[in-house]
Amino acid sequence: MSKLAKFIERLYNNTLEGKVRWDETSQEDVFQLSFPDYTLKIYDDRDSTGNTLYILQILNEEGKVIEDISDEDIQDQLTNAFSTMQSLFERARSQAMGLDKALDDIMSYLPTDDGNGTSSDDVPF
């Protein structure tokens with residue numbers, strides 16, 4: 001496995017485990033993860049045939065792109081590259097957009113299930 005593939009796998013696992021925190025950027029559907037000297041950005045794009053690509057950028061402290069890595073670039077190096085990059089993008093998006101908090105807030109307004117598939121607030125139909 002190449003160093004890039006190992007890097008993406010480690011980043012993916014750390015993202016799933018909540019050990020890193022992705023943030024929104026000023027660009028729609030572009031999410032970033034900042035380190036002291038580097039920033040990662042992830043976004044989706046389309047290739048010339050209209051297929052979705054997931055792209056991870058590595059930027060230096062000056063904001064210059066060091067590397068662009070797409071799922072197509074590493075498909076020979078990383079098993080399930082497309083699904084890994086897609087899941088990484090979706091998790092980054094969920095974190096940055098605050099999905100967990102939104103779900104918790106919304107669920108607090110919904111009646112709870114009493115264990116029998118009904119709640120005390122069910123409408124009898």
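This report covers the fold, the sheet, the helix packing, the salt bridges and selected residues of a predicted model.

## Basis of the values

The model is predicted: local features need pLDDT of at least 70, side-chain atom pairs count only at pLDDT 80 or more, and totals for chains, interfaces and linings use all residues. Residues are numbered from 1 along each chain as its sequence is written, and side-chain values use heavy atoms, with hydrogens and water left out.

## Overall fold

The protein chain contains three helices and five strands, arranged along the sequence as α-β-β-β-β-β-α-α. These elements are DSSP runs, numbered from the N terminus: helices are H or I with at least four residues, and strands are E with at least two.

Of the chain's 125 residues, 30% count as buried. Here buried means under 20% relative accessible area, exposed means over 50%, and partly exposed lies in between, using a 1.4 Å probe and protein chains only. Among contacts (heavy atoms within 4.5 Å) between residues at least 6 apart in sequence, 39% join residues at least 24 apart.

## The sheet

The five strands form an open sheet in the order β1-β2-β3-β4-β5, with antiparallel pairing. Its edge strands, β1 (23–24) and β5 (65–70), each pair on one side only. Two strands count as paired if DSSP finds at least two bridges between them. Strands of a sheet pair through backbone hydrogen bonds, either parallel or antiparallel.

β2 and β3 are antiparallel and share five bridges; S34 has T39 in β3 as its bridge partner. A hairpin of four residues connects β2 to β3. Between β3 and β4, also antiparallel, there are eight bridges, and D45 stands opposite L53 in β4. The β3–β4 hairpin has five residues between the strands, and G50 in its turn has a positive phi of about 90°. Strand β4 (residues 52–59) pairs with β5 in the antiparallel sense over five bridges, where I55 has S70 in β5 as its bridge partner.

## Helix packing

Helix α1 (residues 3–16) packs on the sheet and touches β2 (30–34), β3 (39–46), β4 and β5; its direction makes about 95° with that of β4. Helix α2 (residues 81–97) lies across β1, β2, β3, β4 and β5, at about 65° to β4. Axes are lines fitted to C-alpha atoms, for helices over the stretch in contact, and angles run from 0 to 180 degrees between N-to-C directions.

S87 belongs to helix α2. Because its relative accessible area is 18%, S87 counts as buried. Leaving out residues up to four places away in sequence, S87 touches Y12 and L16.

## Salt bridges

Four salt bridges are found in the whole structure. The criterion is a side-chain nitrogen of Lys or Arg within 4 Å of a carboxyl oxygen of Asp or Glu. Side chains of opposite charge can pair when their charged atoms come close.

R93 is partly exposed at 36% relative accessibility, and D29 is partly exposed at 29%. K19 and E17 form a salt bridge at 2.9 Å, N to O, and both are exposed. Another salt bridge joins E62 and K64, with the closest N and O atoms 3.6 Å apart; E62 and K64 are both exposed.

V65 lies in strand β5 and, at 43% relative accessibility, counts as partly exposed. Apart from residues up to four places away in sequence, V65 touches Q57, I58 and L59. The C-alpha atoms of V65 and L40 are separated by 9.4 Å, with the two residues 25 apart along the chain.
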